[in-house]
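I opened the notebook to go through this structure one piece at a time. The entries below follow the order in which I looked things up.

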Amino acid sequence: MKALPPSLSRRRLLVGAAAASALTAVAGTAAEAAPSTASTGLAGAPVAHDRIAAARLLVTGIGPATAGFQADLHERLTAWLAFWSANSPPSWSAPVEVVGEPTATGDAFTLHTLRVRRGEHLADGFTAARRDAAHLATEASLYHHFPSVRRLPGGGLRVTDGPAAFTGSPEQVAFAGAACRELWGFAVAGTTDWRDHANRALARSGHRADVASRAGWAAFTRASLRLGLGTESYQ
């Protein structure tokens, strides 16, 4: 595989992933200290971007394009993409294309595809049309950075800006149960006993935490990302 240009280097993305972890840890405290723009109506006009981090933005059905994002959402998406890439297989480049689109107000984003380079060729590291381990892994990575991740018809994943945290929402519970069944091998995990299975997954990955805590949710989503993309086996 050819060496990546400096803007796409995995070393730089690892630094970004460290910043992303700091963002995840600090965001909850910051949210408690100051009201969010979403709740106060202080969000500004969307700012035009044609990239997320170094990855080119392709708007669904259009192709390469510029789209409007709220500043906080674009910053959080940049941190998330660095985190996803830093936990992906070493043979993958940093993402070079992100297929999706923000809402008209720029405070939510729907993800359809992530493309990376494998050798000389582009490949889908995640695609909404394919329900596989990488799909659940990518959903986990989004939950590591965002409070809300909605599965849309066709498999697209829509995130709404805000600090990541365990909320106990039906969407989070459904995701955690699916991750326990399809990634961690706990075939009987359901909506009532998913927490026990998720805590078993945490123990397997070396964490002593409750999945419903801030630290536990962050650890569970990180470990599920790595398991789903094949960078850890946790045997």
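Entry 1: I am working with a predicted model. I started at A123. I left aside its neighbours within four places in sequence and listed what remained in contact: L114, R115, V116 and R118. I then looked up the element and found A123 in strand 8, which covers residues 121-127. Is A123 buried or exposed? Its relative accessibility is 16%. The cut-off for buried is under 20%, so A123 counts as buried. I also checked the pair A123 and P95, which are 28 residues apart along the chain. Their C-alpha atoms are separated by 9.7 Å.

**Entry 2: the whole chain.** I stepped back for totals. The protein chain has 7 helices and 10 strands. It has 235 residues, and 47% of them count as buried. I took the contacts between residues at least 6 apart in sequence; 55% of these join residues at least 24 apart. The accessible surface comes to about 10800 Å². Carbon and sulfur atoms hold 55% of that surface.

**Entry 3: helix 6 against helix 7.** I looked up residues 194-204 (helix 6) and residues 214-229 (helix 7). Their axes come within 10 Å and cross at roughly 70°. Angles of 65 to 115 degrees count as roughly perpendicular, so helix 6 is roughly perpendicular to helix 7. Which residues meet there? From helix 6 I noted A198, A201 and L202; from helix 7, G216, A219 and F220. I sorted the residues of this contact by type: 5 are nonpolar, 1 is polar and none is charged.

Entry 4: I checked its length. Helix 7 has 16 residues, and at 1.5 Å a residue they should span 22 Å. The end C-alpha atoms are 23 Å apart, which agrees. Just after helix 7, G230 has a positive phi of about 80°.

Entry 5: I noted A53, with phi near 55°. A53 lies in the loop between strand 2 (51-52) and strand 3 (55-59). At 34% relative accessibility, A53 counts as partly exposed. I also noted Y234, in the segment after helix 7. Phi of Y234 is near 55°, again positive in a residue other than glycine. Y234 counts as buried, at 14% relative accessibility.

Key: Residues are numbered from 1 along each chain as its sequence is written. This is a predicted model: local features need pLDDT of at least 70, side-chain atom pairs count only at pLDDT 80 or more; totals for chains, interfaces and linings use all residues. Side-chain values use heavy atoms; hydrogens and water are left out. Helices (H or I, at least four residues) and strands (E, at least two) are DSSP runs, numbered from the N terminus. Buried means under 20% relative accessible area, exposed over 50%, partly exposed in between (1.4 Å probe, protein chains only). Contact means heavy atoms within 4.5 Å. Axes are lines fitted to C-alpha atoms, for helices over the stretch in contact, and angles run from 0 to 180 degrees between N-to-C directions. Angles under 35 degrees count as roughly parallel, over 145 as roughly antiparallel, 65 to 115 as roughly perpendicular and the rest as oblique. Ala, Val, Leu, Ile, Met, Phe, Trp, Tyr, Cys and Pro count as nonpolar, Asp, Glu, Lys and Arg as charged, and the others, Gly among them, as polar. The expected span of a helix is 1.5 Å times one less than its number of residues. Accessible areas come from the Shrake-Rupley method with a 1.4 Å probe; for residues, only the protein chains shown count as cover.
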